[in-house]
Amino acid sequence: MPDLEQWPTGRLLTTAARLVEHAWNERLVDIGVTHAGVIALGVLADQGAMTQASLAQIVRVQAQTMGKTLARLESRGHVTRVRNDLDRRSHMVSISPAGRQVLDAADDIERTLVAGGGLVSDELRSHLQAVVRELGAPRWSVTSPGGARQDDTALDGPGASGPAATVLS
């Protein structure tokens, strides 16, 4: 094992994030979804139908990355996409009944993944949320239709204890 005491904080964070992602995906493979898919489904379940661009912004990924995730989810029947009546160039994405079942199964998987409690301590969550807010603020400024800045609901809004709140994805 490498000498973790010598690693810079950034390396510790990225390595921890990768390990959590791998652990999630190893457990999620049986239900046909990835960790990224669970996060997208969680946001759609909590906040309702939205555009791919809005979903990407909330989840803190590029629209193209979200497009790949949604294509996988759609091919398995976990989400539906319909043309947006307000902007014919975009689609509204919503979670399907099959997607809700997958999300419920993923919640059970999360409970087994973090059974030891080390990944869900309030202190660790608080520190990780601070890192995401500080480093993500210039990158993903979320604004409402009126132009006012909104809070980071994906971090501490509805469902914050579930898969949608996982900030290491």
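Let me begin with helix α6, residues 122-136. At 1.5 Å a residue, its 15 residues should span 21 Å, and the end C-alpha atoms lie 20 Å apart, which agrees; the expected span is 1.5 Å times one less than the number of residues. Helices here are DSSP runs of H or I with at least four residues, strands are runs of E with at least two, and both are numbered from the N terminus.

Some ground rules. This is a predicted model, so local features need pLDDT of at least 70 and side-chain atom pairs count only at pLDDT 80 or more, while totals for chains, interfaces and linings use all residues. Residues are numbered from 1 along each chain as its sequence is written, and side-chain values use heavy atoms, with hydrogens and water left out.

Back to α6. Its buried residues are Leu 128, Gln 129 and Gly 136. They cover an arc of only 105 degrees around the axis, which puts them on the same side of α6; the arc is taken over the directions from the helix axis to the C-beta atoms. The face turned away from that buried side carries Glu 123, Glu 134 and Leu 135, which are exposed. Buried means under 20% relative accessible area and exposed over 50%, with a 1.4 Å probe and protein chains only.

Next, the sheet. Three strands form an open, antiparallel sheet in the order β1-β3-β2; strands pair if DSSP finds at least two bridges between them. β1 (50-51) and β2 (79-83) are at the edges with a single partner strand each, so one side of each has no neighbour in the sheet. Between β2 and β3 (residues 91-95) there are five bridges, and Val 79 stands opposite Ile 95. Helix α4 (residues 63-75) packs on the sheet and touches β2 and β3, its direction making about 110 degrees with that of β2. Axes are lines fitted to C-alpha atoms, for helices over the stretch in contact, with angles from 0 to 180 degrees between N-to-C directions.

Which residues touch the most other members of the largest nonpolar core? Leu 41 and Leu 55, out of 27 residues. Such a core is a set of buried Ala, Val, Leu, Ile, Met, Phe, Trp, Tyr and Cys residues joined through side-chain atoms within 4.5 Å. α2 gives the most, with six residues. Beyond four places in sequence, Leu 41 has contacts (heavy atoms within 4.5 Å) that include Val 79 and Ile 95.
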